[in-house]
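Student: Could we go through this structure together? I would like to begin with the charged side chains and then turn to the helices.
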Amino acid sequence: MSWFLPFTLSPAVKKLLEWRQDDEDGKWAEKAINLLIKKLSSKLESIEELQRALENPSHRSNCVTIPRTLDGRLQVANRKMLPHVIYCRIWRWPDLQNQYELTPTDACVTESSKNNSEVCINPYHYYRVEAPVLPPVLVQRNPQGLSKRYSIVPSYLKSQEATRQDETQVHFQEIDCWSTIQYYELNQKVGLPFKPATMQAYVNGYTDTVTKDRLCLGSLTNTSRNDKTESARKHVGHGVQLSYVCGELFVDCLSESPVFIQSKVIARSLGLPLLSVMRLTPGGCTKIFSTLEFSKLLHETVAEGYKATFDLTNFCSVYLSFIKGWGPEYHRQSVNGTPCWLEIQMHGPLVWLDKVLVELGPTTKITSKS
């Protein structure tokens, strides 16, 4: 006869559980902390340092590190996440979704860079990223009432008292549904537009059709699909993870094949040609949109008039191709020459731009003879 002893928590785990945030799942937190204790079993001083940090969060503490895994993540029950995200969720922010919401403090000498063999899991060595305050665009009405023009001076350079009565402020407002994602094969739309229900969304090659946070391309049919497209779709695999954090969009390549991205906003901020296409290798991650950078561009462009401002519509979309690239280095010059790709429209900037255009108004009339 075999006897199974009930699972008991070690004193160290019980102690660390005392600081768990109430909103985090208790059983999952127990498993995560138990895994951490095992990894720190040969470094008792690190466990003591972690306890001191949790007991006295206002006091300066040292890094508490564990070895980095091959892909950087830890598997706890049915979740696989980066270690510092796991333990920041347990002890500080239970609503934390991903690493892009965190930035290391000056006290952290290890940080969470992929170049380090160790990763710091001290939750008080990280800040929560906050959304930047975007200055409103000011529209100054023409005294004759014939047209409107925008001031390029951001509101933060003008006090509220100094704002004249003939000016209107157009503010940016974040909206719940941050994006629409449309899937294409060559130049043909396939499937319905996908609107992520969460700030973190996935696009992969599988067939699930009921998950609100992911678009599964494998379930989409296309009677015009050719052999090259069919072959490319088979390599999408885990696809990509899209994370929208405080006005910035990040992509992680989860596929075993590269993805290719075109973002005019990011290209401009880096001083690259607007039509530049960047190649993201498997396991890589990068920022592909910034509302702050778009804000700067909008403030600069409104002085050029309605048409120039309207052209910023093209800056509100990001293009992402699986497997195949395009541009000067490829025989495919346009994204609609690639077998499977996404158009990601950013709702917040589009709505802001629309409000600006309404206030600006076209300066010329279009007639049937023009």
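Tutor: Let us begin with a definition: a salt bridge is a side-chain nitrogen of Lys or Arg within 4 Å of a carboxyl oxygen of Asp or Glu. Please keep in mind that this is a predicted model. One example is the pair K307 and D311, whose side chains meet in a salt bridge at 3.5 Å from N to O.

Student: Is K307 buried or exposed?
Tutor: K307 counts as exposed because its relative accessibility is 62%, and exposed means over 50%.

Student: And what about D311?
Tutor: D311 is partly exposed, with a relative accessible area of 33%.

Student: How many salt bridges are there in the whole structure?
Tutor: A search of the whole structure gives 15 salt bridges.

Student: Which residue forms a salt bridge with E185?
Tutor: E185 pairs with R225, and their closest N and O atoms are 2.9 Å apart. This pair links distant parts of the chain, 40 residues apart. E185 lies in strand β10 (residues 179–185), while R225 lies in the loop between β13 (214–216) and α5 (227–233).

Student: Are those two buried or exposed?
Tutor: Both E185 and R225 are buried.

Student: Which residues are linked with them in a network?
Tutor: E185, R225, E230 and R233 are linked in a network of salt bridges.

Student: What about R214, which residue does its side chain meet?
Tutor: The side chain of R214 meets that of D213 in a salt bridge, with 3.4 Å from N to O. R214 counts as partly exposed, at 26% relative accessibility. D213 counts as buried because its relative accessibility is 19%, and buried means under 20%.

Student: Let us change topic to the helices. How do α7 and α9 cross?
Tutor: The axes of helix α7 (residues 291–301) and helix α9 (residues 347–360) come within 11 Å and cross at roughly 15°. Angles under 35 degrees count as roughly parallel, so α7 is roughly parallel to α9.

Student: What is the handedness of the crossing?
Tutor: The crossing of α7 past α9 is right-handed.

Student: Which residues make the contact?
Tutor: On α7 the contact is made by T291, F294, S295, L298 and H299, and on α9 by P349, W352, L353 and V356.

Student: How many of these are nonpolar, polar or charged?
Tutor: The residues of the contact of α7 with α9 comprise six nonpolar, three polar and no charged ones.

Terms used:
Residues numbered from 1 in each chain as written. Predicted model: local features only at pLDDT ≥ 70, side-chain atom pairs only at ≥ 80, totals over all residues. Heavy atoms only, no water. Helix = DSSP H or I, 4+ residues; strand = E, 2+ residues; numbered from the N terminus. Buried < 20%, exposed > 50% of the residue type's maximum accessible area, 1.4 Å probe, protein only. Axes fitted to C-alpha atoms, helices over the stretch in contact; angles between N-to-C directions. Parallel < 35°, antiparallel > 145°, perpendicular 65-115°, else oblique. Left-handed = near helix turned anticlockwise from the far one by under 90°. Contact = heavy atoms within 4.5 Å. Nonpolar A, V, L, I, M, F, W, Y, C, P; charged D, E, K, R; others polar.
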